[in-house]
Amino acid sequence: MRTVLVADDHPMFREALAGTLKSLDDQVDVLESGTFGEAVEQIGSVMDIDLILLDLRMPGMNGVKGVRSLRTRRPDVPVAVISALSDSFVMRECFDAGAVGYIPKSLSRDAIVSAISTILDGGSFTPGLDAIGPSELEEDEPLDEAVRCRFELLTNQQRKVLELMAEGLLNKQIAYAIDVQITTVKAHVSSLLQKLGVSSRTQAVILFQKYRRAL
């Protein structure tokens with residue numbers, strides 16, 4: 001008997017996926033969690049879990065950091081992200097955090113089941129280029145979802161630098177404000193631009209303004 005934990009806050013999707021897994025293999029037991037907190041409780045109380053299918057956006061979930069948190073709590077259990085967010089940068093960050101797969105919800109039912117079967121058999125799954133977008137915010141992606149996930153990748157210091165950038169401060173002024181060397185500020189700016197998928201300070205500030213309006 002293999003046990004799969006499906007952590008997703010959308011009951012219809014979660015129940016449909018659980019039902020599909022059970023119908024395909026009577027040797028699969030499915031646990032369900034609707035919040036990140038419930039998922040943490042499940043992995044703490046149930047030792048025999050073979051796979052965690054984790055949605056990036058649900059109550060208590062902190063995006064990619066949630067993947068890393070579960071891997072830290074249960075390094076013996078593989079985690080695969082199953083998400084409606086089509087963003088290749090976020091996908092790479094999930095793999096860097098320890099995920100063994102990234103399954104877009106836009107895939108067909110058979111493709112999703114095939115991906116899960118591959119992972120359960122010890123493999124990994126990466127979607128093709130036609131299923132996942134480039135490292136940019138997609139036009140048709142809900143802005144608040146994509147932006148929030150990108151911003152969750154920032155460290156506290158990078159977020160502070162961005163806030164000061166939005167106030168119009170230059171690197172030298174930011175360095176003085178947070179008491180660091182100007183080279184450190186430049187490094188933070190370079191890193192946060194990459195994480196946000198933009199190429200200039202102006203674009204980063206515009207994105208930050210959109211993010212704050214979406215909160």
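**Reading helix contacts and a strand pair**

In this predicted model, Gln 157, Gln 158, Val 161, Leu 162 and Met 165 of helix H7 meet Val 185, His 188, Val 189, Ser 191, Leu 192, Lys 195 and Leu 196 of helix H9.

Student: At roughly what angle do the axes of H7 and H9 cross?

Tutor: The axes of H7 (residues 156-166) and H9 (residues 182-196) come within 9 Å and cross at roughly 95 degrees. Angles of 65 to 115 degrees count as roughly perpendicular, and therefore H7 is roughly perpendicular to H9.

Student: Are H2 and H3 roughly parallel or roughly perpendicular to each other?

Tutor: Angles under 35 degrees count as roughly parallel. The axes of H2 (residues 36-45) and H3 (residues 64-73), which come within 11 Å, cross at roughly 15 degrees, so these two helices are roughly parallel to each other. Their crossing is right-handed, and the contact is made by Phe 36, Val 40 and Ile 43 of H2 together with Gly 66, Ser 69, Leu 70 and Arg 73 of H3. Those residues divide into four nonpolar, two polar and one charged.

Student: How many bridges join strand S1 to strand S2?

Tutor: Six bridges join S1 (residues 2-7) to S2 (residues 28-33), and the two strands run parallel; Ala 7, for example, has Ser 33 as its bridge partner in S2. With helix H1 (residues 11-24), S1 and S2 make a right-handed β-α-β unit.

Technical notes
Residues are numbered from 1 along each chain as its sequence is written. This is a predicted model: local features need pLDDT of at least 70, side-chain atom pairs count only at pLDDT 80 or more; totals for chains, interfaces and linings use all residues. Side-chain values use heavy atoms; hydrogens and water are left out. Axes are lines fitted to C-alpha atoms, for helices over the stretch in contact, and angles run from 0 to 180 degrees between N-to-C directions. Helices (H or I, at least four residues) and strands (E, at least two) are DSSP runs, numbered from the N terminus. Angles under 35 degrees count as roughly parallel, over 145 as roughly antiparallel, 65 to 115 as roughly perpendicular and the rest as oblique. A crossing is left-handed if the near helix is turned anticlockwise from the far one by less than a right angle, and right-handed if clockwise. Contact means heavy atoms within 4.5 Å. Ala, Val, Leu, Ile, Met, Phe, Trp, Tyr, Cys and Pro count as nonpolar, Asp, Glu, Lys and Arg as charged, and the others, Gly among them, as polar. Two strands pair if DSSP finds at least two bridges between them. A crossover is right-handed if, with the strands pointing away from the viewer, the path from the first strand over the helix to the second runs clockwise.
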